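Hi,

Here is the structure we talked about.

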Amino acid sequence: MLKSTRRLRRRIARAACALALVLPLAACDALTPGSTAAVTGPRSVPSSTAVPEGDVTLRVQFADAPLMVDALIAAFEKGHPGVSVEPQYKTFSDYVQNLKLTMTSDSVPDIAQYAVGMTDLAQDGHILDLAPYREAYGWDESIPPVSLDQLTAGLRSEATGGRALFGVPAGLSMTGIYYNKELAEEAGIDGPPRTLAEFEDQLAAAKDADLTPLGVGGLDTGGLHLWAALLNQTMPTDDYWDWVNGTEDATIEDKAGITASELVVEWGRKGYYNESANGTAQVDSTAQFAKGDSVFLINGNWAAGQLATTMGDNVGFFPMPGEQADDPTVASGFSVAYAVSSRTEHPEAAGAFLDFLTSPEAGQIISDNGFLPPNPEAVAKPEGVLADVAEGHRRAVDDDGITTFPDFAAPAMLDRLRSGVQKLIADRVEPADYLDSLQDEWEEHHAE
């Protein structure tokens with residue numbers, strides 16, 4: 001009864017808002033420069049991949065891995081002396097919050113990192129459909145299909161008749177659990193767990209050994225990664241994709257969502273998290289783990305390079321295990337991917353830059369910076385924890401188990417997720433109420 005009342009309240013509110021706003025919004029769209037009314041649906045890159053002669057400057061705006069991006073730009077410019085690439089780095093929160101404004105402004109970058117909100121921009125025609133380049137450059141041969149499928153926005157390509165494509169990955173990612181091998185041995189833990197229940201036993205063993213079991217950077221995204229990793233094991237991937245993609249009647253308010261959320265609360269009650277987890281940034285939780293402050297750490301492969309350097313052979317990695325030992329490997333992941341603005345004056349040069357990201361030279365730069373290259377066969381075989389990450393990613397890809405991050409369900413979802421998981425960690429919200437807040441945001445966005 002309570003849930004149906006909430007649904008009715010949401011629908012009434014949406015209907016009232018739609019009635020009040022439809023005429024003013026229509027007028028604003030018609031008059032605002034760079035508004036969605038200025039572009040009518042998806043547009044495609046030209047069929048030619050030849051970069052025009054003469055000096056060209058591309059502006060690239062991004063929010064992840066600035067050292068990696070700088071190295072990629074330097075290598076690309078060396079091979080393309082007529083093209084200069086101007087990097088424009090933004091913090092992740094600023095980048096996401098301002099993405100739609102950035103991509104519809106008069107100073108739009110030529111290339112931008114694919115992030116939450118890019119799907120809507122693609123559907124409104126602000127991002128070029130790269131499908132012709134997908135065929136011309138042969139990206140299906142150099143990039144795992146699952147990584148390209150995350151960048152289609154669910155649209156068909158007008159140029160090729162196949163699926164549209166709105167980005168190219170420069171480095172693949174996945175989240176999982178790092179572990180300190182010496183501390184694990186001290187707690188009587190002899191290797192990665194095979195099931196979620198076994199992982200819980202290992203957390204308990206670490207606690208009994210008077211060690212901090214799990215490092216969480218809950219101040220920003222660490223708590224979100226923890227909740228999503230658990231949700232990946234409790235919720236069927238098809239149901240999860242329906243929710244993230246906005247499929248009608250999809251919901252996060254089900255048994256799987258409750259189970260994952262209750263685990264976050266339960267682990268906090270048992271003292272499994274680092275002290276002040278909600279006041280610790282992800283980068284700081286990683287540094288603390290590297291110093292030996294916890295047995296396990298929830299983080300992504302982007303931390304692997306740093307941990308390999310500081311911990312050597314004393315660190316390992318495994319994806320969050322499933323409820324059964326033979327369950328598919330499922331993990332949150334995406335890519336540091338880049339899209340091309342439909343207002344760029346240099347689509348061929350932008351295409352050449354994106355294609356460079358799939359090359360062996362770029363792949364080695366990507367691998368050296370802790371990310372997974374789109375074509376792992378083209379780089380030197382990783383060792384140590386980097387090999388653990390690569391093996392975990394391979395298993396997830398083979399099992400079709402790479403799921404996108406939950407904040408992709410709606411542009412404003414990140415704040416709801418981050419603050420909500422902090423409350424779960426602190427045992428200050430009921431799991432059902434937390435999930436209801438996410439579903440509220442989902443319905444408000446997809447009702448539009």
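F62 is buried, with a relative accessible area of 1% (buried means under 20%, exposed over 50%, partly exposed in between, using a 1.4 Å probe and protein chains only). Y89 comes out as partly exposed, at 45%. Before you read on: this is a predicted model, where local features need pLDDT of at least 70, side-chain atom pairs count only at pLDDT 80 or more, and totals for chains, interfaces and linings use all residues. Residues are numbered from 1 along each chain as its sequence is written, and side-chain values use heavy atoms, with hydrogens and water left out.

As for confidence, the protein chain averages a pLDDT of 87, and 90% of the residues score at least 70 (pLDDT is the predictor's confidence in each residue, from 0 to 100). Over residues 7-39 the pLDDT is below 50. Where pLDDT is low, the predicted coordinates should not be read in detail.

Now the rings. A search of the whole structure turns up 13 aromatic pairs (Phe, Tyr and Trp rings, the six-membered one for Trp, with centres within 6.5 Å; planes under 30 degrees apart are stacked, over 60 edge-to-face, the rest tilted). F62 and Y89 make a tilted one, 5.6 Å centre to centre with 55° between the planes. That pair joins strand β2 (residues 56-62) to strand β3 (residues 83-89); helices (H or I, at least four residues) and strands (E, at least two) are DSSP runs, numbered from the N terminus. W227 and Y434 are edge-to-face, at 5.4 Å and 90°. W227 sits in helix α11 (residues 222-234) and Y434 in helix α20 (residues 431-446), 207 residues apart, and both are buried.

W227 is also among the residues with the most contacts inside the largest nonpolar core, which has 113 residues (a core is a set of buried Ala, Val, Leu, Ile, Met, Phe, Trp, Tyr and Cys residues joined through side-chain atoms within 4.5 Å). Another core, of 18 residues, lies apart from it, with F317 and L372 among its members.

Last one: N278, in the loop between α13 (255-269) and α14 (282-290). N278 is partly exposed, at 22% relative accessibility. Leaving aside neighbours within four places in sequence, N278 is in contact (heavy atoms within 4.5 Å) with G218, L219, Q422, I425 and A426. A polar atom of the N278 side chain lies 2.9 Å from the backbone oxygen of Q422.

Cheers

Terms used
A polar contact is a pair of N or O atoms within 3.5 Å; within protein, one must be able to donate a hydrogen and the other to accept it, and residues adjacent in sequence count only if both atoms are side-chain atoms.
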